[in-house]
Amino acid sequence: MPTQLASARELAPPRTGSRRLSTPRLYWLVAAGLVVLALATGVAALADVRERSALLTDVSEVKAPISVDAQTLYRSLADADATAATAFLSTGGESSDLRTRYLDDIAQASSALTIALRDADDDETARLRVVAEQLPVYTGLIETARSNQRHGVPLGGAYLREASGLMQQTILPAAAGVFDSTHRRLVGEQAAADGFPWPAAFFGVLLAGALLAAQVLVARRSRRTFNLGLVGASGIAVLALLWSFVALGASTGRLETGPGSPAEQVSVLANSGRAALQARANESLTLVARGGGATFETQFVGRMDELIGVDGTSGLLGKALAQAEDDDRAFIEQARAEANQWRTLHLQVRAADDGGDWNKAVELATASGDQALPAVFARLDKALTNALSAGNQQVDRQADGAEGALTGLAAGFVLLTIGLVAAVGLGFRPRIGEYR
């Protein structure tokens, strides 16, 4: 009977789960898993670096210039409107300097419009078409106003106000929308290039854990404390991790985003220039209206409050000064000082006009001399232009610096991944060979 029982056990099927992987097969599976993880980590890291580099290149070579073109478009249009209104006040005939400045502004705006249309998205294209369609209407109204003024026809002022209304209510809002849109695209790409590399970090942590577990497994099965191949693979993984940490940290550190960043400073300074130019146009239109310009005066006060605040120290320039770097503070401080001086001179103009002396008011608004209102506004405008130019240059330097920190990282990841895979193979090959 014992013979019959032994035969029954021999004939019984093997129980599920009772089979164990042989050590060589287990080594093969672990080595294959490490290779797959190493390749996944390398591909994820390489894709992240290439995407960051592409974004930073796009910021410095495409998005930043587009944003500058949008600034040029808006500024040229606003300056043309302010210059046309100021030129209308000239009592001794039209100033050739103001006429040249107006024509230059229109030419620059037309050029910037053409450039902006090449790289605009659908929404920006719609806004730029508004500018393109309405700008000839505006210039036509300005020429009609000039013609009437030269012939002493009172309707000249009405045409000028209609032109300025078209500029401030239709053309400039469309141009401002283009600048806001291009600026949002610039900031969005900066934020994307400044993000955390989640896929690469996930696979990197998984690979590090897998390498540690593989070394424990091999040590227990082979009774050798260290496996040189796996130690080498771990060293390569640590080197890749440290290089990534340093390079990405440097890139992120050079690319400031969010509140107080150079990109935000550019937006604040661009809006400061917009407020100053529109205030200048409103100041002139108040006088052109000859007693009927209360609305323009209200708009002037609103623009000046937006620029320097009611107290003369806050507003857009106060914000720009608070977040400016030391090298850029001088331009902004000068702009704020000139804006306050302008507000003081404007009060003198209003006192003369409100007192019934319109000629005296016009004389104050168009006087020559270093301390006269036109000279003060010119210095304010130049200081804002210089500050904005410095801000744009800082945005470019940041993008170039952040991209420079990633130099060699992509090629390094390729070489380190190849080295890591080779080290894993060298670590498992002799152990598997021991079972042949």
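Trainee: Which residue has its backbone oxygen 2.5 Å from a polar atom of the side chain of Ser-222?

Mentor: Bearing in mind that this is a predicted model, begin with the place of Ser-222, which is in helix 6, residues 198–222. A polar contact requires N or O atoms within 3.5 Å, and a polar atom of the Ser-222 side chain lies 2.5 Å from the backbone oxygen of Val-218.

Trainee: Is Ser-222 buried or exposed?

Mentor: Leaving aside neighbours within four places in sequence, Ser-222 is in contact with Tyr-27 and Arg-431. Its relative accessibility is 14%, and because buried means under 20%, Ser-222 counts as buried.

Trainee: How many aromatic pairs are there, and how far apart in sequence are the parts that Phe-300 and Trp-342 tie together?

Mentor: The count comes to five aromatic pairs, and one of them is formed by Phe-300 and Trp-342, edge-to-face with 5.5 Å centre to centre and 80° between the planes. Since Phe-300 lies in helix 9 (residues 294–308) and Trp-342 in helix 11 (residues 329–354), the pair ties together parts whose separation in sequence is 42 residues.

Trainee: Which residue lies over the face of Phe-377?

Mentor: An Arg counts as sitting over a ring if its CZ is within 6 Å of the ring centre and within 35 degrees of the ring normal. At 5.5 Å from the ring centre, the residue over the face of Phe-377 is Arg-280.

Key. Residues are numbered from 1 along each chain as its sequence is written. This is a predicted model: local features need pLDDT of at least 70, side-chain atom pairs count only at pLDDT 80 or more; totals for chains, interfaces and linings use all residues. Side-chain values use heavy atoms; hydrogens and water are left out. Helices (H or I, at least four residues) and strands (E, at least two) are DSSP runs, numbered from the N terminus. Buried means under 20% relative accessible area, exposed over 50%, partly exposed in between (1.4 Å probe, protein chains only). A polar contact is a pair of N or O atoms within 3.5 Å; within protein, one must be able to donate a hydrogen and the other to accept it, and residues adjacent in sequence count only if both atoms are side-chain atoms. Contact means heavy atoms within 4.5 Å. Rings of Phe, Tyr and Trp (its six-membered ring) pair if their centres lie within 6.5 Å; planes under 30 degrees apart count as stacked, over 60 as edge-to-face and the rest as tilted.
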